[in-house]
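Thanks for making time this morning.

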Amino acid sequence: MIKLVSAEGAILEVEHEVIEQSGTIRNILDDVGVTDEPIPLPTISGSVLTLVINYCRHHKDDLSRRQPRETVGGAGGSEDDNDSTEASIQRAISQMDDFDHDFVRVDQGTLFDLILAANFLDIPPLVDLVGYTVANMIKGKSVDEIRRTFDVKNDFTPDEEESVRAANAWCES
């Protein structure tokens, strides 16, 4: 069993084969070896860490979820990179099961904490799942609707906002 320490200091024990889905934990264990010493995760609350562990337990036998994410080119990347990203997203969506759909039915704060935890722990399928969920929350909404949904304050003056809208008119249709 691997011991993990949450932000509050709670110690959670998890099976090695479950938590090795985390690239971060896997790297720590590769570096220091399996030990009785708990691994501190000071940025992840106990409740979110419990959710992450439950996710990993559910998917522990799915070896395709343990493969590292391929690096995709950023700005200036090729069209093949975009096709690869789209294929990766479609593959992640097709792998979602009832557990995954239920898993992301949490409040917005928990969802964002899950994104941060999944990213820190390097669990790409979980990053994809919660990212896809947030993207669906945004899909088809206007800027004002997105601001209301995520409680984002508009700090632009009306003139600045109009300037930004005009400069980006090509992407609104």
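Is lysine 60 buried, partly exposed or exposed? At 31% relative accessibility lysine 60 counts as partly exposed, because buried means under 20% relative accessible area, exposed over 50%, and partly exposed in between, with a 1.4 Å probe and protein chains only.

Before going on, please keep in mind that this is a predicted model, in which local features need pLDDT of at least 70 and side-chain atom pairs count only at pLDDT 80 or more, while totals for chains, interfaces and linings use all residues. Residues are numbered from 1 along each chain as its sequence is written, and side-chain values use heavy atoms, with hydrogens and water left out.

Lysine 60 meets aspartate 61 in a salt bridge at 3.5 Å, N to O, the term standing for a side-chain nitrogen of Lys or Arg within 4 Å of a carboxyl oxygen of Asp or Glu. Aspartate 61 is exposed, at 63% relative accessible area.

By that rule there are six salt bridges. One of them joins glutamate 161 to arginine 147, with the closest N and O atoms 3.5 Å apart; this pair links distant parts of the chain, since glutamate 161 lies in helix H9 and arginine 147 in helix H8 (residues 143–150), 14 residues apart, where helices are DSSP runs of H or I with at least four residues, numbered from the N terminus. Both glutamate 161 and arginine 147 are buried, and salt bridges with shared partners join Asp144, Arg147, Glu161 and Arg165 into one network.

Key: Helix = DSSP H or I, 4+ residues; strand = E, 2+ residues; numbered from the N terminus.
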